[in-house]
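Let's take a walk through this one together, starting with its helices and the charged pairs on them.

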Amino acid sequence: MTEQHILNDVDPTETKEWVDALESVLREEGPERVQYILDRLNKEATKAGAPMPASITTSYRNTISPQDEKPLPGDLFMERRIRSIIRWNALAMVMKANRVDSTLGGHITSFSSAATLYDIGFNHFFRGGDGKQEADMVFFQGHISPGIYARSYIEGRLTDEQLDNYRREVDGKGLSSYPHPWLMPDYWQFPTVSMGLGPHQAIYQAHVLKYQQSRGLIDHGDRKVWAFLGDGECDEPESLGAIALAGREKLDNLIFVINCNLQRLDGPVRGNGKIVQELEGVFRGAGWNVVKCLWGRHWDPLFEKDTKGLLLKRMDEVCDGELQNYKANGGAYTREHFFGKYPELLEMVKDMSDDDIMNLNRGGHDPYKVYAAYAEASKNDGRPTVVLAQTVKGYGMFKAAEAQNTAHQTKKLDEESLSMFRDKFGIPISDEELKDLPYYRPADDSPEMKYMRARRSELHGAFPARRKASEALEVPSLESFKAQLQNTKGREISSTMAFVRVLNNLVKDKKIGHRVVPIVADEARTFGMEGMFRQLGIYSAVGQRYTPHDHTQIMYYKEDTKGQILQEGINEAGAMSAWLACATSYSNSNYPMIPVYIYYSMFGFQRVGDLAYAAGDSRARGFLIGATAGRTTLNGEGLQHEDGHSHLLAGTIPNCVSYDPTYSYEVAVIVQDGMRRMYQEQESVFYYLTVMNENYAHEDMPEGAEEGIIKGMYKLKEHTKKANKKQVQLLGSGVILREVEAAAEMLFNDYGINSNVWSVTSFNELRRDGLDVERWNLLHPEATPRANYVSDCLNGAGPVIASTDHVKLFADQIRPFIDSTFSVLGTDGFGRSDTREKLRHFFEINRYWVVVASLKALADDGEIEASVVQEAIVKFGLDPEKPNPVTC
Ligand SMILES: Cc1ncc(C[n+]2csc(CCOP(=O)(O)OP(=O)(O)O)c2C)c(N)n1
Ligand SMILES: [Mg+2]
C-alpha cells in the first residue's frame, strides 16, 4: 500500500500546494486569518453544492502544540520527587488498611493514573482563601481520596494514626472513605463519590458564583471551580446533563478535568471507540473550550517527523481497547501492533528500544503538558474549559495493575511489583522495611518540604479545607410574621399561598431579604409566585435583550442581571444543585444564603434523591418546598404527579427536618424556627415542607401552639361533654387534618363521643424524638424512664386514629410510642385522577372513614358494640367489598 492510498489522497502534489499555502498564511498572518479563510472556503464550498462535513472533533493529538505551551514554572524534578512520595503513602495507606481488615476496601489505581493531574493543581493552581477572595472550589474524584490524604500527611495536616485509620471513622480517629463534609467537616468541601453528582454540582456552584457576582453580593475575582471526574463517570446522565448550561452561561470560572484512563471498573470505557473524541464533540457542541492533553513530551519528536500525517492517522484510527493493550502488553507489542500497521511508522521508531516505546508517555502523566493545559484552561475567555487528559490506569504498578481490566479493584501489590514501584519512584525505603509499608515523610527542613510549603503559601494555604462556621444572621422574629399568624378573615387560600406569603415577607426583610433565593424549575405560576418575577427579577447573566410581550402588565416576565430568582427551567436536578450551591454558600463563600426551592413534591426526593442525600452530607442549609403535595389533594394530575410518600424519603436523610403543615400560622412558625436554627444557631440541618393546593379559611394561631408545632403535634381542638363516656384522639396532617376535624364533629354530634383533635405537623420529627427517648431508656435501665413527646400528649386517653394524604407508613411511624389502640388511614396505592371527594373515598381517608375507624377502634377496645360500626358503614354507604386501593 502506498502512502497515497493510506491517506486516501488522489493528488498529493495538489494537496501539498494547499498545505504549503495554509502554513504560509499561518506564519505570515496568524491563526485568526487561517480561521477566516477556512470559514470562507467552507461557505463557498457549501454554496457551490459541495457541503462540508460538520466536524466538531479534532485529530487525536494535543490541542496545544509544543511551541504554544506555557512553560511549567516549577522545579520538575522536585515535583516528581514529592509526587512519588505521595504515591507511595497513598499505596501504603490502602494496603495497610486491608491488612487490618480486608473488607475495608480502598482504591489505588485511579489515583495512580491521576497523581500528576492533582499535583499540578496543588502546586500551581488551587488557590486557598486570601482574605479577599475565597478559596477555589475543587471537586475531587471520590475514590482518589487516598492521594489527597497522602499529600496532607506530608504537609503535616494528617497524622500517622489518621492514615492508619483510613476508612475507620467510628472512633473518630480515622479518615473517611471518600470526600464527606459530614464526616470531615473542616477538610472536604464537597461529597463527590456518587458518580455524576460532583460534575453536576460543580456546574451549579460556578453558576451561583456568577449569580452572586452579578447581583453585587460578593466579588469572586477570578475564583475557579475545578471538577475532576473519570471518563467512565461521564456515562452518568448527571455528568454531562448540565454542560449546556455552563456553555450557555459562559461559565469561564469552571474547569473540568476528565481523567481519560480509558477504563472504568469492569473494563474499557469505549473499547471499540474513542471516549476522548466522543467527549470532545459533546463538550464542544455545548460551547466549551476543549483542551486535549493526550500525549507527553516523548511523543513530540515523533509528531515533528510526521510531516505526512501518518502517525496522526494511526492515532485517529486506533480504538481505545487497543490503546489499553499497548500499555498492558509493553513496548514490543506496541511496536508491532501500533507502529507496525504502516512501514513508514515502523521506520520512524526503528532507533527506539522497546523500553523507549513503552516510555512514550501519555499527556496526563506529563507535568509540562498538564501545566500547559491548566494554564490555558485558567484564562478567562468567556467559556468553560474541559481538559481531556489521557492517562494509564494503575500507572507505575507494573503487572499487578497497569492497564489491567482488573485494575480498579486492586488493593495491593505483590512483593515484586511493590519493590519495582519503590524503585521506579525512588522511595528511600529498604528491602527489609518494605513489607511493613512504612509511611514516608521527608524531614521538616528537607528541600521537598520547603518546596511544598512555598508552593502552598504562594497559593494562600492548605487545600482542601472547609469552613465550618460562618457569620450568624439576625433572623426575623415570629412577630414579623404577624399577618401569617392571623386568620384569613374567611378568605380561602391554600397552604401553598400561605407559604408564598411567608416567603414574600422574608424577601422584604431589611436585614436578610437579599439573601433569600427563590428557586423554581418552571413552576412559579403553578404556585402563584408570578408576582415575584417583576418584584425580584429573574436572574439572567445578560439581562433582558428583548421586550417581554407582557411588559405592560404588573407581573411581567422580567429578566435581569440583578434578578434574585433562579429560574432553572424544567430541570429539577439543576434547580436542586443550584439550591445546594446556595445552601452551602455559608461555608464555601463565607456568605450565608437562604435558598428556597419550590417544586412539585412528586418530582423531589424520588427524582433527585441522591442530590438531596448529598445535601445532607454537604451540611446544606435552606428550605425545600414540596408543593402540590398529597395523593388526593393534587387530584386531576393522576398517577405520576400525586405524591404520598415524599415525607418517607425525606425522613431517610438524618439532617432533613420535615413538616406537613395545614395552616398558615403553622407554616410561619416552622419557617421562622428553621431560620433560627439554620442561620442564627448555625445548625447543619435543612428543611422540607410540603404544602398543598386546596383552598380553605385559616384561623388564628391557638395560644401557645408554637412549641407543639415545632415538636410535631399540638392539640388543635377539644370536643368534650362530661356526660359522654367515650373518647378518641384524632390525628391529622396537611389538608386531611380538615377531614379529621369534620370527623370529630360527627363523632361528637352523632355518636356522643368526645375527642381531641391533634394537628400533627411532623410525624417524622415525632418518630425521631420517640426513638431517641427509647434509646436513652434502653441505656439507662435503672433510671426513671423518660417519656416521649407523643405519649406525653396523648396520655393513653382513648384509641388513636390518624389520617393523612400520605401513605400509611408515614403516620404509622409513631406506633411504638402510642399505648392505646392505633388505627392509621393513608393513601397506599397508585394515585389517579378524579375529584378530591372521589379520591378521598377511594383511598379511605375522608371524614366518614375516620368516623368508621374511630368506632371500630372503640369496638376493639370493648367500649361499643361492633354493630355500631356496621351501622355506620351502611349509613355512609361504604361498600365492604370495595377493592383494596393498593391492588387497584
Ligand atoms: C453512582 C455510582 N455508581 C457506581 C459507583 C461505583 N464506582 C466507583 S468508581 C467506578 C468506576 C469509575 O470509573 P471512572 O469514572 O472511569 O474512574 P477511574 O477510576 O477510571 O478514574 C464505579 C463504577 C459509584 N461510586 N457511583
Ligand atoms: Mg476511567
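Helices here are DSSP runs of H or I with at least four residues, numbered from the N terminus. One more bit of housekeeping: this is a predicted model, where local features need pLDDT of at least 70, side-chain atom pairs count only at pLDDT 80 or more, and totals for chains, interfaces and linings use all residues. Residues are numbered from 1 along each chain as its sequence is written, and side-chain values use heavy atoms, with hydrogens and water left out.

Look at helix H3 to begin with. Lys-47 and Glu-44 sit 3 residues apart in helix H3, so about one helical turn separates them. Their side chains meet in a salt bridge at 3.9 Å, N to O; the term means a side-chain nitrogen of Lys or Arg within 4 Å of a carboxyl oxygen of Asp or Glu. Lys-47 is exposed at 68% relative accessible area, while Glu-44 is partly exposed at 33% (buried is under 20%, exposed over 50%, partly exposed in between, with a 1.4 Å probe and protein chains only).

Now jump to helix H33 (residues 763-779), where Arg-768 and Glu-765 are also 3 residues apart, about one turn of the helix. This pair forms a salt bridge too, at 3.0 Å from N to O. Here Glu-765 is buried, at 15%, and Arg-768 is partly exposed, at 25%.

Back to Glu-29, which bridges to Arg-33 with the closest N and O atoms 3.3 Å apart. Glu-29 is partly exposed at 48%, as is Arg-33 at 34%. Elsewhere, salt bridges link Arg-83, Asp-119, Arg-151 and Glu-155 in a network. The whole structure holds 49 salt bridges.

Note on methods
Chains are lettered from A and ligands numbered from 1 in the order in which they are written. Helices (H or I, at least four residues) and strands (E, at least two) are DSSP runs, numbered from the N terminus.
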